[in-house]
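Colleague: I would like to go through this model feature by feature. Please give the general idea where there is one, then the case at hand.

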Amino acid sequence: MIFLAQESFGSLGSLVLNSGPMAQAILIVLLAFSVASWTIIVKKIRFYREVNHQSQEFFGLFRKTASLSQLYGDCQRYTKSPLAGIFKNGYEELNHQIKASEPSGERSAASGAQGSL
């Protein structure tokens, strides 16, 4: 039964070629949107793989590094990692809070201690 249907309708290419101009235009638009959608999907997969890779690298460095100020400097390499962004913002806020809570005379002594953060 299926073979009879294929013989009476022909191949997919002949169906497209024998269809009207409106149907062909619709098929071309659908094909274009399909290609665009798959392009976006592939780009997103690559992007999220890179995000995951950078996050894993940053987390490993975070666990190994003893100096938070050194880790803060290394955050520049991990631009796509949300973990690095959270750490960077937290480190900046912590420094801001430490500087705001210090009396003006103790800032020079605290700045030396801040390097060990």
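Colleague: Among contacts with a separation of 6 or more, what share comes from residues 24 or more positions apart?

Modeller: In this predicted model, such pairs make up 37% of those contacts in the protein chain. The chain has 6 helices and 0 strands, in the order α-α-α-α-α-α. Of its 117 residues, 15% count as buried.

Colleague: Which residues of H5 are buried, and where do they lie around the helix?

Modeller: An α-helix has 3.6 residues a turn, so residues three or four places apart point the same way. In H5 the buried residues are Ala84, Phe87, Tyr91 and Asn95. Viewed down the helix axis, the buried residues of H5 fall within an arc of 70 degrees, so they line one face. On the face turned away from that buried side are the exposed residues Ile86, Asn89, Ala100 and Ser101.

Colleague: What span should H5 have, given its number of residues?

Modeller: Helix H5 covers residues 82–101, and at 1.5 Å a residue its 20 residues should span 28 Å. The end C-alpha atoms are 28 Å apart, which agrees.

Colleague: Which residue caps the N-terminal end of H5?

Modeller: Ser81 does, with a side-chain oxygen 3.3 Å from the backbone nitrogen of Leu83.

Colleague: How is the packing of H3 and H5 described?

Modeller: Two packed helices are described by the angle between their axes and the distance between the axes. For H3 and H5 the angle is about 45 degrees and the axes are 7 Å apart. The two helices are therefore oblique to each other. On the H3 side, Val51, Ser55, Phe58, Phe59 and Phe62 meet Pro82, Leu83, Ala84 and Phe87 of H5. Two of these H5 residues, Ala84 and Phe87, are on the list of buried residues.

Colleague: Where is Thr65, and is Thr65 buried or exposed?

Modeller: Thr65 sits in the loop between helix H3 (21–64) and helix H4 (68–74). Its relative accessible area is 18%, so Thr65 is buried, the cut-off being under 20%. The Thr65 side chain reaches the backbone oxygen of Leu61 at 2.7 Å. Leaving aside residues up to four places away in sequence, Thr65 touches Gln70 and Leu71.

Colleague: What is the relative accessible area of Leu68, and how far is its C-alpha atom from that of Phe87?

Modeller: Leu68, in helix H4, has a relative accessible area of 29% and is partly exposed. The C-alpha atoms of Leu68 and Phe87 are separated by 9.4 Å, with the two residues 19 apart along the chain.

Conventions: Residues are numbered from 1 along each chain as its sequence is written. This is a predicted model: local features need pLDDT of at least 70, side-chain atom pairs count only at pLDDT 80 or more; totals for chains, interfaces and linings use all residues. Side-chain values use heavy atoms; hydrogens and water are left out. Helices (H or I, at least four residues) and strands (E, at least two) are DSSP runs, numbered from the N terminus. Buried means under 20% relative accessible area, exposed over 50%, partly exposed in between (1.4 Å probe, protein chains only). A polar contact is a pair of N or O atoms within 3.5 Å; within protein, one must be able to donate a hydrogen and the other to accept it, and residues adjacent in sequence count only if both atoms are side-chain atoms. Contact means heavy atoms within 4.5 Å. The expected span of a helix is 1.5 Å times one less than its number of residues. The arc is that of the directions from the helix axis to the C-beta atoms. Axes are lines fitted to C-alpha atoms, for helices over the stretch in contact, and angles run from 0 to 180 degrees between N-to-C directions. Angles under 35 degrees count as roughly parallel, over 145 as roughly antiparallel, 65 to 115 as roughly perpendicular and the rest as oblique.
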